[in-house]
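Subject: The structure for you to look at

Hello,

Here is the structure I promised to send over.

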Amino acid sequence: MLLLWLLVALAVVVTLSYRQAPLWQWGVAFIVLGLLARLDGVTVIDFSPLPLIIALLPGIIVLLLCIDDLRRAVFTTPVYQAVRSILPRVSKTEQEALDAGTVGWDAELFSGDPDWKKLTSIRPLTLSDEEQAFLDGPVEELCAMLDDWDIRNERMDLSPEVWDFLKQKGFLGLVIGKEHGGLGFSAQAQSMVVSKISSRSVAAGITVMVPNSLGPGELLERYGKPEQREKYLGPLARGEEVPCFALTGVHSGSDAGAMRDVGVVTKGTYEGEEVLGVRLTWDKRYITLAPIATLIGLAFDLHDPDNLLGKGRDIGITLALIPHDHPGVEVGRRHFPARQAFMNGPVRGTDVFIPLDFLIGGTDHAGQGWRMLMECLSTGRAISLPAIGSMSIKQSLRVTSAYARIRRQFNIPIGIMEGVAEPLSGMLKDAYTYEAARRLTASMVDEGQRPAVISALLKYRTTEAMRDSINGAFDIHGGRAIQEGPKNYLFGGYMASPVAITVEGANILTRTLMTFAQGVLRAHPFLYKEIRAAQDTDRRDGIKAFDAAFGGHTSFMLRNMSASLLYGLTNSAICSHPEEAGDMAHWYRQVHRYAQDFALVADWTTVFLGGDLKRKQMISGRMADILGDLYMMCSVLKRFEDEGRIAEDRALIEAILRDHIARMEANFGSVFANFPNRVAANVMKALCFPLGRHAKPSRDRDNYRFVRAVLRPGAFRDRLTMGAYVSTAPQDVTGVLEDAFIKVTEAEEIEARFTKALRKGTIERRHDRDAIADAVAAGVIGENEAGILRASDEATEEAVAVDDFAEDAFSRPISRHAEAAE
């Protein structure tokens, strides 16, 4: 009977936890269990000398706690006092960052119980007729104009023709509304425009990206006064004004609280009149487009010692828009980031007086600059760098798959060697994955979301995958990749990858601090509410708000424990999936299961680490990686559905999902192994993986099959590299490769007979003989076949050729005049 009672009690506790039952139901359940224990004679504790009330005491206590005032007095207040010293404090700039942007699918993953309708209802990749025409017309035309070698090495800049084309066709005003003369394109279209341009030249992609990402245009659209929008947006859209935005300082990057750039509210002279304004002193660097900008957006810390604006003495971070030729503005000498040709440089000013009209949004938005920036950055980060990163992966795959097919060693294409196929398989899986994530996130922005957590996650994951793919491409190309020159189509992207990883928040901090540490505060259903309640200056209101949040958090934690255990024991069989999932339901259930595990571990990590969460960056980094894997899995499943469940892609999808699950399990294991509280670590491990961790990545056999498929022209390869600029012109830097790829494939059967004759010794490949003519003479191939094979050979020779230079070719003005910055 004791065993039966224990099983019933366990079942009741698990059921109530899983259902997140209200407190009164727990009280009733405990009373019923007490009665069963007493009346059935089950000896849990020796009740014989005790009255019945003892058996019912737990339930009575719980029911008494249902009385709000009593619960707050005897339970919530002591907990409130203890928690105030444990929970991490949120600074002003952190709170502004948390308040900026929106939560969406990230909150579903943090909840552990994703609502699949919220994912499936996000619209698929959608472009208007006008946007598609722009991609097919001006963007295609621009790509044909771009010569990356000329841009990077001859001019160190875009050509005048390219600059004129960008301005005339509205590339600098993609984000500006049509009512102001801009193109008013969707986030999806902006992303695809920047992406396609970047497949040709990263410098050109960045040049288009910046005015349409974190730039004055978007800030004016959202926050500018009507007269500011009227004055500036039209010229910005037409390229008559070129903007930059100065945020990063010499001593402050991601740490906004360390900003030393200051403005003081005071009176001064502007255009011959004494007006109220701001006297500014600043020193900014790494500012893209600064050397050619005509309008400088500036972030600074505003002070008002005489309270002239009526907002207090320390107003906070504020934004201004200043003409580059305004008295006192100093645009410094140009930076040269990673030998990339996009314009970048410092901007300084000392005791520069500006009128209040220069403040973006006027005085109403003074002190709100950090929130304004974070909201714009959350969307810009979601669009810009993922576009460049995902395209770099796809372009690396496109050129490398072609090169791996046409380049031969040991009389076989190098691509069919398993050692080469291994990095190529990772490249093609990343190409599918990060394009899926790019388009899903851009669609979220188009639906009005400002996904702060997801944008940070996507930025660091995409640019890291970009670096891996480019490195893999270099390994496969070998000497062909390292010889710089006009024929080298990889080196520009290789040099640009550190730039993408560094800008808009260096990846180390984006991963370890922003994605998880801020993400858990932003997306957790109760944690931020508890922190705000604990930091409320009104103690009574704070306790009341904390009581509601803590009760919800306790229920959430209990549900996490029961759900993780149940999902682990059933291997996700009882997890949810979309109604339309069909034969992919298993993978949706897997996402649900690991999202539940993530929710539990994220919650416990925050509770047990408390204020040390920001310091334990190795753990928070692994948690960010788990969140990233969950998001990538959702993106891949969404893309598969949106594209109509293409049968040819199904095996690839499953391989990608297996890889993500294996990585997640490994990261969970690392979190448990390094968790400071060993008891909590072991409990989490038992709850999340009661049957152990058994996930395995995709099989070598499957990966090799994907590589063989991408080594041939066709729809599979084109889908994986969609959006890239493609030329088959033999005189084009990548066209020569595509031309050779097609010709080699066309000659495949002829080549097989030719190679067989080589192995037999019937013919020889020697510089002093024409092996193809010898093959014709030996009856191995016919005359017409010889023409096809010769065309393939000649195209291959051109595709594998590298550049050489005269000795005096490397004496360049930039080397002679380079000086150390003062």
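Strands β2 (residues 262-270) and β3 (residues 273-288) pair in the antiparallel sense over nine bridges. Two strands count as paired here if DSSP finds at least two bridges between them. Within the pair, threonine 266 stands opposite glycine 277 in β3.

Before going further, please keep in mind that this is a predicted model: local features need pLDDT of at least 70 and side-chain atom pairs count only at pLDDT 80 or more, while totals for chains, interfaces and linings use all residues. Residues are numbered from 1 along each chain as its sequence is written, and side-chain values use heavy atoms, with hydrogens and water left out.

Back to the strands. β3 also pairs with strand β7 (residues 344-355), where nine bridges join the two in an antiparallel arrangement. Glycine 277 turns up again here, with proline 355 as its bridge partner in β7. Another antiparallel pair is β4 (residues 295-303) with β5, again joined by nine bridges. Leucine 295 has proline 323 of β5 as its bridge partner. Strand β5 (residues 314-323) is mostly covered, with nine of its ten residues buried. Buried means under 20% relative accessible area, exposed means over 50%, and partly exposed is in between (1.4 Å probe, protein chains only). In a regular strand the side chains alternate between the two faces of the sheet.

Now the whole molecule. The protein has 33 helices and nine strands. With 822 residues, a compact globule would have a radius of gyration near 28 Å, and the 31 Å of this protein agrees with that. That radius is taken over C-alpha atoms, and the globule rule is 2.2 Å times the number of residues to the power 0.38. Along the principal axes, the C-alpha atoms fill a box of roughly 110 × 85 × 45 Å. Of the 822 residues, 55% count as buried.

Contacts (heavy atoms within 4.5 Å) reach well along the chain: among those between residues at least 6 apart in sequence, 76% join residues at least 24 apart. As for charge, there are 91 positive and 105 negative side chains, and the centres of the two sets lie 5 Å apart. Lys and Arg count as positive and Asp and Glu as negative, without His and the chain ends; each charge is placed at NZ of Lys, CZ of Arg, CG of Asp or CD of Glu.

- Threonine 433 lies in helix α16 (residues 418-446). Threonine 433 is buried, with a relative accessible area of 1%. Leaving aside neighbours within four places in sequence, threonine 433 is in contact with Met632, Val636, Ile656 and His660.
- Leucine 657 sits in helix α25 (residues 647-674). With a relative accessible area of 0%, leucine 657 is buried. Not counting residues up to four places away in sequence, leucine 657 touches Trp587, Met633, Val636 and Leu637. The C-alpha atoms of leucine 657 and methionine 632 are separated by 8.7 Å, and the two residues are 25 apart along the chain.
- Alanine 533 belongs to helix α21 (residues 527-534) and counts as buried at 2% relative accessibility. Not counting residues up to four places away in sequence, alanine 533 touches Tyr80, Gly542, Ala545 and Phe546. Alanine 533 and glycine 448 are 85 residues apart in sequence and 29 Å apart in space, C-alpha to C-alpha.

Finally, a word on backbone angles. Most residues other than glycine have a negative phi, and most peptide bonds are trans. Methionine 156, although not a glycine, has a positive phi of about 55°. Methionine 156 is found in the loop between α9 (148-155) and α10 (160-168), and is buried, with a relative accessible area of 9%. Arginine 645 also has a positive phi of about 55° without being a glycine. The loop between α24 (617-642) and α25 holds arginine 645, which is partly exposed, with a relative accessible area of 27%.

Best wishes

Definitions and conventions: Helices (H or I, at least four residues) and strands (E, at least two) are DSSP runs, numbered from the N terminus.
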